[in-house]
Amino acid sequence: PASRSSVIIVGAGISGICAAKVLAENGVEDILILEATDRIGGRIRKEAFGGVSVELGAGWIVGVGGKVPNPVWELAAKSSLRTCFSDYSNARYNIYDRSGKIFPSGLAADSYKKAVDSAIENLRNQQETDRSGDFSRDAEPPSTPKTPIDLAIDFILHDFEMPEVQPISTFLDYGEREFLVADERGYEDLLYKMAQDFLFTSEGKILDSRLQLNKVVREIQHSRSGVTITTEDGCVYDANYAILSVSIGVLQSDLISFRPSMPRWKMEAIEKLDVMVYTKIFLKFPYKFWPCGPEKEFFIYAHERRGYYTFWQHMENAYPGSNILVVTLTNGESKRVENQPDEETLKEAMEVLRDMFGPDIPNATDILVPRWWNNRFQRGSYSNYPAIINHQVVQSIKAPVGRIFFTGEHTSERFNGYVHGGYLAGLDTSKALLEEMRKEKERNSQNQSFL
Ligand code: FAD
């Protein structure tokens with residue numbers, strides 16, 4: 001290799017870019033960012049669809065309006081990113097059955113309350129079992145929802161955020177409001193703005209050799225004296241330190257091999273985190289046939305199969321006249337549609353819409369199905385800490401191994417799974433590395449003075 005960098009950052013998502021920026025601003029200029037794809041942004045990604053810009057990954061700035069400002073909300077303000085307020089809570093009053101009838105709001109509210117109570121009860125039992133170590137309680141299965149409406153509510157409660165059941169640090173710290181990003185420049189504009197602060201750009205393009213795109217890291221060798229990184233195209237890079245920002249799904253896969261291999265405590269911690277798959281399917285129509293008044297942005301389809309095209313949103317608030325619907329699938333259903341042709345998915349979605357709105361609605365003219373699970377640079381959408389996870393596991397996830405430091409949303413104990421989690425993780429990791437570099441310098445100068 002021609003030269004040796006101080007730090008190589010693997011991955012140019014928000015955590016990697018943020019970490020690189022902090023290092024550069026603190027005098028560590030000889031950094032190198034290696035990114036597998038042809039762009040920065042990672043899971044923050046817009047795509048042109050149906051005449052507007054849609055967000056395949058992160059869509060909301062979650063946690064706004066509290067006492068402490070959300071750092072991502074502040075970045076968005078600096079970028080004057082266009083956003084619109086989203087209120088999920090009404091979704092429960094727009095639940096359709098298969099014959100297109102909306103469940104009466106009283107019934108929906110009752111079912112919702114019952115589901116919340118039972119989820120709280122389950123969680124309490126689980127925590128009790130965990131504390132007492134008496135796992136015989138596990139023998140009692142929690143009551144499982146059976147009717148379509150109960151299944152739909154269960155899906156909303158468990159596959160999305162559930163602040164009614166468990167306090168969510170994001171809401172506690174930053175507030176409970178959520179804003180949908182609806183800007184042609186995309187959510188990713190925040191990353192470009194950050195990158196511009198420390199990388200050379202011209203006419204909106206990053207032209208800085210410290211960012212290398214299409215570089216798939218396959219091997220990391222590490223020793224007491226440094227790290228050597230090999231990419232899929234056979235290039236080799238040396239550095240004093242590495243920061244690894246790839247997702248938890250990638251860490252669980254065999255994309256990157258380590259020499260020597262990661263210690264057992266590290267591997268075990270990585271295996272403990274769950275990977276969520278979250279898929280927003282976009283559908284474009286010639287005209288709209290769904291209600292658009294106040295409190296109608298979100299609606300729910302109740303089917304006897306849990307999570308089957310359950311959660312819907314229209315994009316009229318974000319982009320009036322765009323005639324776009326979004327349906328969200330998760331986990332098993334996400335994986336299923338990722339593995340089938342999009343025409344099949346379109347057919348299924350149209351059947352569901354005809355159940356809700358009748359046979360006369362027009363066919364969608366276009367469909368967009370993101371594939372976060374099958375993407376070997378992602379392997380899922382975001383990390384999920386199991387309801388009961390001890391603090392030690394999180395510490396092990398983020399602890400450095402020799403000269404390899406770890407960052408990414410999954411290393412954020414309070415905000416994992418969110419954009420601000422990735423951002424704050426980048427800050428945290430770069431600060432820890434700067435401290436380590438300072439100590440190393442001190443050790444070296446002490447050794448020198450002994451000589
Ligand atoms: P990433 O963005 O994944 O960055 C890691 C980078 O590493 C990627 O660019 C990847 O290409 C690269 N990489 C991987 N392997 C290699 C390799 N071997 N060599 C080199 N580079 C590699 N958050 C919110 O706050 N609000 C939301 O509404 C929201 N919705 C979401 C919806 C979806 C569908 C998804 C997928 C995520 C959503 N999130 C949301 C979560 C949010 O997007 C992430 O938490 C955040 O963007 C993660 O940033 P990161 O830097 O940790 O990881």
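## Ligand shell

The shell around the ligand divides by class into 22 nonpolar, 13 polar and four charged residues. The model described here is predicted. Of the 39 residues around the ligand, the ones that come nearest are Ser 15, Glu 35, Arg 43, Glu 409 and Val 419. Two elements, helix H1 (14–25) and strand E5 (60–64), each supply at least two residues of this shell.

On the side-chain side, a polar atom of Glu 35 lies 2.7 Å from an oxygen atom of the ligand. Backbone atoms take part as well: a backbone N or O atom of Trp 60 lies 2.9 Å from a nitrogen atom of the ligand, and a backbone N or O atom of Val 217 also lies 2.9 Å from a nitrogen atom of the ligand. Taken alone, the ligand exposes 1,000 Å², and the protein buries 98% of that area.

## Cavities

Rolling a probe the size of a water molecule over the atoms shows where empty space is left. In this structure there are three cavities of 30 Å³ or more. The largest cavity holds about 130 Å³ of space. It is lined by 14 residues, and those closest to its centre are Glu 55, Leu 180, Lys 280, Phe 282 and Met 315. Strand E4 (52–55), strand E8 (177–181) and strand E17 (278–284) each supply at least two residues of the lining. The largest share, three residues, comes from E4. By class, the lining of the largest cavity has nine nonpolar, three polar and two charged residues.

The second largest cavity has a volume of about 40 Å³. Its lining is made up of Asn 94, Tyr 96, Ile 102, Pro 291, Lys 296 and Phe 299. These residues divide into four nonpolar, one polar and one charged.

## Second largest pocket

The second largest pocket contains about 430 Å³ of space. Its lining has 20 residues, of which Tyr 88, Ser 89, Arg 92, Pro 163 and Glu 178 lie nearest the centre. Two or more lining residues come from each of strand E6 (83–86), helix H4 (148–159) and E8. Strand E8 also supplies at least two residues of the lining of the largest cavity. By class, the lining of the second largest pocket has eleven nonpolar, two polar and seven charged residues.

## Two buried residues

Phe 289 is found in the loop between E17 and strand E18 (298–301). Its relative accessible area is 17%, so Phe 289 counts as buried, the cut-off being under 20%. Phe 289 and Ile 361 are 72 residues apart in sequence, while their C-alpha atoms are 6.8 Å apart in space.

Thr 429 lies in helix H12 (residues 419–450). With a relative accessibility of 7%, Thr 429 is also under the 20% cut-off and therefore counts as buried. The side chain of Thr 429 makes a polar contact with the side chain of Thr 407, at 3.0 Å.

Definitions and conventions. Residues are numbered from 1 along each chain as its sequence is written. This is a predicted model: local features need pLDDT of at least 70, side-chain atom pairs count only at pLDDT 80 or more; totals for chains, interfaces and linings use all residues. Side-chain values use heavy atoms; hydrogens and water are left out. A residue is near a molecule or strand if one of its heavy atoms lies within 4 Å of it. A polar contact is a pair of N or O atoms within 3.5 Å; within protein, one must be able to donate a hydrogen and the other to accept it, and residues adjacent in sequence count only if both atoms are side-chain atoms. Accessible areas come from the Shrake-Rupley method with a 1.4 Å probe; for residues, only the protein chains shown count as cover. Helices (H or I, at least four residues) and strands (E, at least two) are DSSP runs, numbered from the N terminus. Ala, Val, Leu, Ile, Met, Phe, Trp, Tyr, Cys and Pro count as nonpolar, Asp, Glu, Lys and Arg as charged, and the others, Gly among them, as polar. On a 1 Å grid over the protein atoms alone, a cavity is a set of points where a 1.4 Å probe fits but cannot get out, and a pocket is an open set with protein on both sides within 12 Å along at least five of seven lines; lining residues have an atom within 4 Å of a point. Grid points are joined across faces, edges and corners, and a volume is the space filled by probe spheres set on the points. Buried means under 20% relative accessible area, exposed over 50%, partly exposed in between (1.4 Å probe, protein chains only).
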